[in-house]
Amino acid sequence: MRKVCSLVFVLFFIFSFSAVAEKNYTSDKVVFLPQEFYVGDLVEMRVMITPEKGAEVKKPESFPDSYWVRIENTVVTKLEDEYELRVFLRPFAPGIRTLPALQFGDVLLRDIKIQTKSVLEQEASAFAPPAEQMLLPGTVYYIALIIGLVFMLPVFFIFFWAKLKNAIYLYIHEQRRKKPYRRLLKVLNELEETVNDKKGNEFYSLLVSELRIYLTARGSIDYSAATAREGARMIASDFGKVSGSGNLINVFKLSDEVRFGGRRVMIRRREEDIEAVRSTADEIEKADAGGVEHVDI
């Protein structure tokens, strides 16, 4: 009796398993895009199925876990009596393998094999040698330019160094020559801006002091300690031929009268003296251009 019961139980189990394992759909087409794919590629698998009547087909709620493939997404499209199942997957192992079963509602999509290729399996030859060093665009031209400069610099110095040296010397000489004149103009501009604020004694002391420095730089005699009478003789000697040189003599004399004689001078006269010194210095610069180099104080 026990043997009969056991036999009935085994037959019932086999029958039940066969019923569960039996597919409830028919499939006539499986397409992979791309047709050939490699490890790590994203692959789209399209399966056309015709389910049995009453079988519901819908998108899976979850995807099976697998060590060699990952299911990214699925799409279910109904086409009259057929369904198009699109499965997006990414394989991580080469060779022919069976995909894990996917549950689309009442339909269990299973027993589908895929063949994944590997780049390493197709490499029959040895590794290629290292590629040559890549040069940035224009590198060859820059190298040629540098080499050309290296060879041309000695030639340049041989043929043009004398002219270059003279040009540098003339430039330095001209800058040094103009320096006393620029200093005097700066002081004259400052006096012109503050002419109403300074007393006569302070104004003429500063004006004559800067004029002495300028004349010493441009003339051949030291004007720093000259009296008004001595300064007049020295100006006549150094700049007698310069237009307006007499104005400088008058400024020296007036300065002594203001500082030592207490003479009062109107603002208008101060402004006239500033302009006289400026115009006379301009004439001295024109006459002195190209002359001998003077010492800059």
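Is Thr 74 buried or exposed? In this predicted model, Thr 74 turns out to be buried, since its relative accessible area is 1% and anything under 20% counts as buried. The residue sits in strand 3, which covers residues 69-79. Setting aside neighbours within four places in sequence, Thr 74 touches Lys 59, Pro 60 and Phe 63, and also Arg 86, Val 87 and Phe 104.

Strand 2 takes up residues 43-51, and seven of its nine residues are buried, so the rest of the structure largely encloses this strand. Its pairing is with strand 4 (residues 82-91): the two run in the antiparallel sense, joined over seven bridges. One of the details here is Ile 49, whose bridge partner in strand 4 is Tyr 83.

Gln 115 and Tyr 38 are 77 residues apart along the chain, yet 8.9 Å separates their C-alpha atoms. Once neighbours within four places in sequence are left out, Gln 115 is in contact with Phe 37, Gly 95 and Ile 96.

Then there is the empty space. Rolling a probe the size of a water molecule over the atoms shows where such space is left. The largest pocket comes out at a volume of about 170 Å³. Its lining includes Gly 200 and Asn 201, along with Val 258 and the run of Gly 262, Arg 263, Arg 264, Val 265 and Met 266; Arg 270 is there too.

Notes:
Residues are numbered from 1 along each chain as its sequence is written. This is a predicted model: local features need pLDDT of at least 70, side-chain atom pairs count only at pLDDT 80 or more; totals for chains, interfaces and linings use all residues. Side-chain values use heavy atoms; hydrogens and water are left out. On a 1 Å grid over the protein atoms alone, a cavity is a set of points where a 1.4 Å probe fits but cannot get out, and a pocket is an open set with protein on both sides within 12 Å along at least five of seven lines; lining residues have an atom within 4 Å of a point. Grid points are joined across faces, edges and corners, and a volume is the space filled by probe spheres set on the points. Buried means under 20% relative accessible area, exposed over 50%, partly exposed in between (1.4 Å probe, protein chains only). Helices (H or I, at least four residues) and strands (E, at least two) are DSSP runs, numbered from the N terminus. Two strands pair if DSSP finds at least two bridges between them. Contact means heavy atoms within 4.5 Å.
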